Amino acid sequence: MLSRKVADQLRNYRTPFYLYDIDLLRQTLQSAVSVAERYQYVIHYAIKANYDPRILQVIQEYGLGIDCASGNEVRCAIEAGFDPQTIVYAGVGKRDHEIRYAIEQGIFAINCESIEELEVINAFAAEAGKVVTVALRINPDIDPKTNHCIDTGQADSKFGISYEEVLGSAERIQALQNVRIRGMHLHIGSQIRELHVFEYLCNKVNVIVENLVKLGFELDFVDVGGGLGINYDFPENEPVPNFASVFSIINSHLRVGERQVHFEFGRAIVAQCGELITGVLFNKMTATGRKLVIVDASMTELIRPMLYGAYHNIENITSTSDRHERYTIVGTACESTDVFDENINLPETRRGDLLTIKSAGAYGSSMASRYNQHDLPPSVYSDQL
Ligand code: LLP
């Protein structure tokens with residue numbers, strides 16, 4: 001863990017802040033890219049996971065495209081220098097100006113999530129005198145065996161179009177003159193650790209692609225989304241996620257002929273390279289005997305524990321004490337749910353100590369808010385310490 005090695009230098013920065021290990025980010029990208037090359041897979045980085053400019057710059061060096069969830073994310077990617085032809089854009093609720101912007105920029109594909117949206121894209125494309133490349137995001141009804149808060153591909157989810165609806169609307173879809181359906185898109189959820197789930201996904205995709213082709217759809221690519229999980233429990237044991245496993249599963253089970261296969265990884269690329277460094281403000285004990293450590297970060301810097309009950313490993317990187325205690329780590333926000341973790345074992349922890357909240361590179365800073373008028377968290381990079 002980088003923070004432990006550089007704990008003394010971290011004292012020079014005002015807490016809380018995100019610490020990014022750029023070497024680890026590079027190792028992760030290198031691993032993803034080198035295995036993807038073996039199968040000629042295309043990777044788009046899900047920019048919602050972290051859009052820190054420095055992180056984007058490094059990601060760009062490795063030739064990844066971008067997966068976006070809003071018009072502003074598309075803009076951010078383009079401004080960061082990504083080629084629009086490597087950008088895909090999904091989202092159940094794309095607003096008119098966002099659709100128009102994506103059309104104007106000529107991105108690789110708009111991943112369309114309802115038949116009504118498809119008709120709107122078609123109308124806007126006609127107005128712009130363009131034919132727009134679209135992928136249909138299909139809901140495959142698969143349980144990704146992850147935290148229910150972050151699954152997206154079960155039948156009742158708001159995401160994607162039901163397969164049955166696509167089958168029933170095929171003629172209506174094919175009559176649209178200004179959209180070209182070139183791809184199929186699926187994303188079943190995030191933080192998937194039971195990788196056999198991707199096998200089920202492939203089995204469904206194989207059937208769907210075969211039937212869509214029979215109905216006359218000319219598909220050039222299949223985008224199987226992101227979702228590869230990381231090890232939050234023991235990040236040191238698995239700093240680089242297992243891209244080889246997921247690619248090998250997809251390669252063994254996906255039967256889509258010569259069609260290009262795309263991925264949209266967010267968490268797996270950036271989670272482990274980021275730590276939230278926070279300083280201890282105060283200790284106190286509740287009337288019930290709970291020992292609270294009040295840190296200067298809060299749900300405004302990292303909301304995952306409060307929003308999903310997500311676990312992040314926490315360590316005291318400056319205490320030299322041999323005595324251990326059970327502490328509950330709470331933040332500064334004016335919310336009772338502002339608790340990072342409860343009853344965890346740490347060496348004796350005092351005002352002025354630094355804690356690291358690990359595996360926070362994904363959906364940490366990108367979900368930060370200014371509640372209580374907190375400042376947004378700054379970034380510190382390993383190669384600029
Ligand atoms: N593609 C689509 C269409 C997505 O909706 C997502 C994530 C991804 C790709 C990237 O998924 P990943 O590889 O990162 O699992 N804030 C939550 C996670 C929300 C994920 C939203 N969609 C969290 O902190 O766990």
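**Entry 1: terms and ground rules**

I start with a definition: buried means under 20% relative accessible area, exposed means over 50%, and partly exposed lies in between (1.4 Å probe, protein chains only). With that in hand, I looked up Glu315 and Lys358, and both are buried.

I note that this is a predicted model, in which local features need pLDDT of at least 70 and side-chain atom pairs count only at pLDDT 80 or more, while totals for chains, interfaces and linings use all residues. Residues are numbered from 1 along each chain as its sequence is written, and side-chain values use heavy atoms, with hydrogens and water left out.

**Entry 2: two domains**

I looked up how the protein is divided: domain 1 covers 4–17 + 272–384 and domain 2 covers 22–271. These bounds come from an automatic or database domain assignment. I find the C-alpha centres of the two domains 33 Å apart.

Next I checked who touches whom, where contact means heavy atoms within 4.5 Å. I get 24 residues of domain 1 in contact with 26 residues of domain 2.

The size of an interface is often given as the accessible area lost when the parts come together. Here I use buried area, the accessible area (1.4 Å probe) that two parts lose on being put together, summed over both. Domain 1 and domain 2 bury about 2,100 Å² between them, and 50% of it is on carbon and sulfur atoms. I see that Gln272, Cys273 and Tyr363 supply 33% of the area that domain 1 buries against domain 2, more than any other three residues.

**Entry 3: polar links across the domains**

I counted 18 residue pairs in polar contact between domain 1 and domain 2, both at pLDDT 80 or more. A polar contact is a pair of N or O atoms within 3.5 Å; within protein, one must be able to donate a hydrogen and the other to accept it, and residues adjacent in sequence count only if both atoms are side-chain atoms.

I then asked which elements give two or more residues to the side of domain 1 that touches domain 2. They are helix 13 (304–308) and strand 17 (379–381). Helix 13 gives the most, with three residues. For these names, helices (H or I, at least four residues) and strands (E, at least two) are DSSP runs, numbered from the N terminus. I sorted the residues on this side of domain 1 into eight nonpolar, 12 polar and four charged. In that sorting, Ala, Val, Leu, Ile, Met, Phe, Trp, Tyr, Cys and Pro count as nonpolar, Asp, Glu, Lys and Arg as charged, and the others, Gly among them, as polar.

**Entry 4: salt bridges**

Side chains of opposite charge can pair when their charged atoms come close. My rule for a salt bridge is a side-chain nitrogen of Lys or Arg within 4 Å of a carboxyl oxygen of Asp or Glu. By this rule I count 20 salt bridges, and two of them are between domain 1 and domain 2.

I went back to Lys358, whose side chain meets that of Glu236 in a salt bridge (2.8 Å, N to O). Lys358 also forms a salt bridge with Glu315, the closest N and O atoms being 2.6 Å apart.

Another pair I noted is Glu119 with Arg172 (2.8 Å, N to O). Glu119 sits in helix 7 and Arg172 in helix 9, 53 residues apart. Glu119 is partly exposed at 29% relative accessible area, and Arg172 is partly exposed at 44%.

**Entry 5: helix 4**

Which residues of helix 4 (residues 53–61) are buried? I list Arg54, Ile55, Leu56, Val58 and Ile59. Among the elements they pack against are helix 3 (22–39), strand 2 (42–46) and strand 17.

Asp52 caps the N-terminal end of helix 4, with a side-chain oxygen 3.0 Å from the backbone nitrogen of Arg54. Leaving aside its neighbours within four places in sequence, Arg54 is in contact with Ile22, Arg26, Tyr381, Asp383 and Gln384. After helix 4 comes Gly63, whose phi is positive, near 80 degrees.
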